[in-house]
Amino acid sequence: MKLWEDKVRRTIPYTPGEQPQAADLIKLNTNENPYPPAPGVEKVKNAMDTDLLRLYPDPAAGVLVDALADFYHVDKNQVFVGVGSDDVLSVAFLTFFNSEKPVLFPDITYSFYPVWAGIYRIPYETCPLDEDFRIRPEDYYKDNGGIVFPNPNAPTAIYESLDTVEDILKHNRDVVVIVDEAYIDFAGKSALELIHKYDNLLVVQTFSKSRSMAGIRIGYAIGCPELIQAMNDVKYSINSYTMNLPSLLMGAEAVKDKDYFYDCVDRIKATRERTKKRLAALGFEFPDSQANFIFARHPRYDGKALFEALRRENIFVRYFNQPRIDQYLRITVGTDEQMDVLIKFLEKYTA
Ligand code: PMP
């Protein structure tokens, strides 16, 4: 063994979903949006003055922060932006989870949480979801070093009401509670309406799903100015220029087009509801999805075998070889046409 090896910071990394490059596949494995970004994004791209790339971008990401503050009716000192919500969540873990006590999150949830906890050496405990994959708020009443959960949860797609979120907040006034709302635009009310009441609440959202811009990498957090200031202090201690100029300009433009945004979200929700009916008719079982994906299993067919069979047809979905969920497939809601191909195959498979 080389002497430097025992000084290396070891970590078991997160495994991102596959990004296969073939052209003719149906990609329903990473919860991307099947529709293009708002039309203004292309205009910004075409009009961009590449000479500006000589300069560093605005470290405060002003245009984007302003656009988001406008959209959500908050002050700009309540908005933090980062390179996808993964970056925002990572900064939030590093900033707020700095206690000897364990951070709490569900046992079945976004699998990046234990990875950040691991690399930042944050102790954590998982709280089992109940048999219907629901969060039990009482599990979060115990002493802890902070709380994080997605709403809707991933990969279950279950949305918990704001009463549940507020119940958890009420019992945790002395730690930061992060609500990861990557999929909220496809679901019910956002916890954003609680930020004025709870100064320890941080709401994290992303451009990757409802805004069709996973490739540009923009995420953001909204909370009270003190939380945002603390995150910015950490960010400026690692890398001041996280947001590049094209993403600042295109991101700001995307936020301004409200009609396109709501229309696109409505289309995906309509396809989701249609797909739910058709999956149920084929005997699939799934929790009621309020996200842009459906977490489904079939009582008569093995999950992994079905995942592999779909793959052979060039239909990519996500499979998690994990206790409690190893019979399920997480299927992103694509276009109606993509879902028709999926259903057609499943009809044959289950016939
Ligand atoms: N949170 C949850 C629950 C997710 O599923 C994802 C997508 N993998 C993210 C955060 C991160 O998304 P992004 O970094 O693209 O904003």
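Reader: How much space lies in the largest pocket?

Author: A pocket, on a 1 Å grid over the protein atoms alone, is an open set of points with protein on both sides within 12 Å along at least five of seven lines. Its volume is the space filled by probe spheres set on the points, which are joined across faces, edges and corners. Here the largest pocket holds about 630 Å³. This is a predicted model: local features need pLDDT of at least 70, side-chain atom pairs count only at pLDDT 80 or more, and totals for chains, interfaces and linings use all residues. Residues are numbered from 1 along each chain as its sequence is written, and side-chain values use heavy atoms, with hydrogens and water left out.

Reader: Which residues are the closest to the centre of the largest pocket?

Author: Lining residues have an atom within 4 Å of a point. The largest pocket has 32 of them, and Tyr14, Thr30, Asp86, Tyr110 and Lys209 are the closest to its centre. Helix 3 (residues 84-96) gives the most to this lining, with 4 residues. Helices are DSSP runs of H or I with at least four residues, strands are runs of E with at least two, and both are numbered from the N terminus.

Reader: What is the lining of the largest pocket by class?

Author: Ala, Val, Leu, Ile, Met, Phe, Trp, Tyr, Cys and Pro count as nonpolar; Asp, Glu, Lys and Arg as charged; the others, Gly among them, as polar. The lining of the largest pocket has 13 nonpolar, 12 polar and 7 charged residues.

Reader: What volume has the second largest pocket, and which residues are the closest to its centre?

Author: The second largest pocket has a volume of about 370 Å³. Of its 19 lining residues, Thr15, Ser111, Arg318, Phe320 and Gln322 are the closest to the centre. At least two lining residues come from each of helix 4 (113-119), helix 9 (303-312) and strand 11 (318-319). By class, this lining has 11 nonpolar, 5 polar and 3 charged residues.

Reader: How many cavities of 30 Å³ or more are there in the whole structure?

Author: In a cavity, a 1.4 Å probe fits but cannot get out. A search of the whole structure finds 1 cavity of 30 Å³ or more. The largest cavity holds about 60 Å³ of space. Pro37, Ala38, Ser210, Arg211, Ser212, Ala254, Asp257, Tyr260, Phe261 and Cys264 line this cavity. Helix 8 supplies the largest share of the lining, 3 residues. The lining divides into 6 nonpolar, 2 polar and 2 charged residues.

Reader: At what angle do helix 8 and helix 10 pack?

Author: Two packed helices are described by the angle between their axes and the distance between the axes. Axes are lines fitted to C-alpha atoms, for helices over the stretch in contact, and angles run from 0 to 180 degrees between N-to-C directions. Helix 8 (residues 258-281) and helix 10 (residues 336-349) pack at about 10°, with axes 11 Å apart. Helix 8 and helix 10 are therefore roughly parallel. Angles under 35 degrees count as roughly parallel, over 145 as roughly antiparallel, 65 to 115 as roughly perpendicular and the rest as oblique.

Reader: Which residues of helix 8 and helix 10 meet?

Author: Contact means heavy atoms within 4.5 Å. Helix 8 brings Thr271, Arg274, Thr275, Arg278 and Leu279; helix 10 brings Asp336, Met339, Asp340, Ile343 and Leu346. By class, this contact has 4 nonpolar, 2 polar and 4 charged residues.

Reader: At what angle do the axes of helix 3 and helix 6 cross?

Author: The axes of helix 3 and helix 6 (residues 225-235) cross at roughly 100° and come within 9 Å. That makes helix 3 roughly perpendicular to helix 6. Val88, Val91, Ala92, Leu94, Thr95 and Phe96 of helix 3 make the contact with Leu227, Ala230, Met231 and Val234 of helix 6. By class, this contact has 9 nonpolar, 1 polar and no charged residues.

Reader: In what order do the strands of the 7-strand open sheet run?

Author: Strands of a sheet pair through backbone hydrogen bonds, either parallel or antiparallel. Two strands pair if DSSP finds at least two bridges between them. The order in this open sheet of 7 strands is 2-8-7-6-5-3-4, with mixed pairing. Strand 2 (79-82) and strand 4 (124-127) are the edge strands, each pairing on one side only. The twist averages 20° from one strand to the next. Strand 7 (residues 201-206) and strand 8 (residues 219-222) run antiparallel, joined by 4 bridges. Threonine 206 has glycine 219 in strand 8 as its bridge partner.

Reader: Which strands does helix 2 lie across?

Author: Helix 2 (residues 62-72) lies across strand 2, strand 7 and strand 8, at about 130° to strand 2. Helix 3 also packs on the sheet, touching strand 2, strand 5 (146-150), strand 6 (177-180), strand 7 and strand 8. The direction of helix 3 makes about 160° with that of strand 7.
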